[in-house]
Amino acid sequence: MNGYKTKDYGQPVKRYVQTMDLKADNELIRRYREAHDPQHFWAEIHDGICSVGILEMEIYILGNRLVMIVDAPVDFDWDSAMARLATLPRQAEWEAFVAQFQQCSAEATSDEKWQMMERMFCL
């Protein structure tokens, strides 16, 4: 494994890390991965993520466990950004679409689905 290159944002950033499980079904996992590939990911969702101030968002997968890493400016306010993101075009539609793959209730909000992780070690 060669690792993953990180971006230089030219400004101080902070990082958020969240986790969620997908349904343990290989076909659903395949379809979830496909929904996030460059040919299928909805442009409105990409634009909305950027418009609320997120600099980088990555999702990693192992089996049906997801880990999402979000880099944002130091002055970024998670709660207000997520509240604003929820109001943007197609965001509710996207949440309903991806809920079919996720191990959570179909009515769950993004903040209810993705659980914020605590950093317990830093070198």
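A: Let's start with aspartate 77, which is partly exposed, since its relative accessible area of 43% falls between the 20% and 50% limits. Please keep in mind throughout that this is a predicted model.

Q: Where does aspartate 77 lie?

A: Aspartate 77 sits in the loop that runs between strand S3 (65–73) and helix H3 (78–85).

Q: OK, what about a nonpolar patch, which residues form that?

A: Met120, Phe121 and Leu123 form a nonpolar patch on the surface, and together they have about 500 Å² of accessible area. Methionine 120 is found in the segment after strand S4 (115–116), and methionine 120 counts as exposed because its relative accessible area is 76%, where the cut-off is over 50%.

Q: Switching to salt bridges, how many does a search of the whole structure find?

A: The search finds 8 salt bridges. One of them joins aspartate 71 to arginine 15, with the closest N and O atoms 2.8 Å apart.

Q: Where are aspartate 71 and arginine 15 in the chain?

A: Aspartate 71 is in strand S3 and arginine 15 is in strand S1 (residues 13–21), so to speak of the pair is to speak of a link between distant parts of the chain, 56 residues apart.

Q: Is aspartate 71 buried or exposed?

A: Aspartate 71 counts as buried, at 7% relative accessibility, whereas arginine 15 counts as partly exposed, at 49%.

Q: Which salt bridge does glutamate 44 form?

A: The side chain of glutamate 44 meets that of arginine 90 in a salt bridge, at 3.4 Å from N to O. Because glutamate 44 lies in helix H2 (residues 43–51) and arginine 90 in the loop between H3 and H4, this pair ties together parts that are 46 residues apart in sequence. Glutamate 44 counts as partly exposed, at 34% relative accessibility.

Q: Which salt bridge do arginine 90 and glutamate 93 make, and what is the N to O distance?

A: The side chains of glutamate 93 and arginine 90 also meet in a salt bridge, with 3.0 Å from N to O. Glutamate 93 is partly exposed, at 42% relative accessibility. Elsewhere, salt bridges with shared partners join Glu27, Arg30 and Glu34 into one network.

Q: Back to arginine 90 for a second, what is its phi?

A: Arginine 90 has a positive phi of about 70°, although it is not a glycine. As background, most residues other than glycine have a negative phi. Arginine 90 lies in the loop between H3 and helix H4 (91–99), and at 32% relative accessibility it counts as partly exposed.

Q: Moving on to H4, which of its residues are buried?

A: The buried residues of H4 are Gln91, Trp94, Glu95, Val98 and Ala99. They lie on the same side of H4, because they cover an arc of only 135° around the axis.

Q: And what is on the other side of H4?

A: Ala92 and Ala96 are there, and they are exposed. For alanine 92, the relative accessible area is 56%, which makes it exposed.

Q: How far apart in space are valine 98 and tyrosine 32?

A: Valine 98 and tyrosine 32 are 7.1 Å apart from C-alpha to C-alpha, although they are 66 residues apart in sequence. Valine 98 has its place in helix H4 and is buried, with a relative accessible area of 2%.

Q: Last one, where is leucine 28, and how far is it from glutamine 18?

A: Leucine 28 is in helix H1 (residues 26–35), and at 17% relative accessibility leucine 28 counts as buried, because the cut-off is under 20%. Its C-alpha atom is separated by 20 Å from that of glutamine 18, which is 10 residues apart from leucine 28 along the chain.

Definitions and conventions:
Residues numbered from 1 in each chain as written. Predicted model: local features only at pLDDT ≥ 70, side-chain atom pairs only at ≥ 80, totals over all residues. Heavy atoms only, no water. Helix = DSSP H or I, 4+ residues; strand = E, 2+ residues; numbered from the N terminus. Buried < 20%, exposed > 50% of the residue type's maximum accessible area, 1.4 Å probe, protein only. Arc of directions from axis to C-beta. Patch = residues over 30% accessible without salt bridge, like charges linked within 9 Å, V, L, I, M, F, W, Y side chains within 5 Å. Areas by Shrake-Rupley, 256 points an atom, 1.4 Å probe, with all protein chains shown as cover. Salt bridge = Lys/Arg side-chain N within 4 Å of Asp/Glu carboxyl O.
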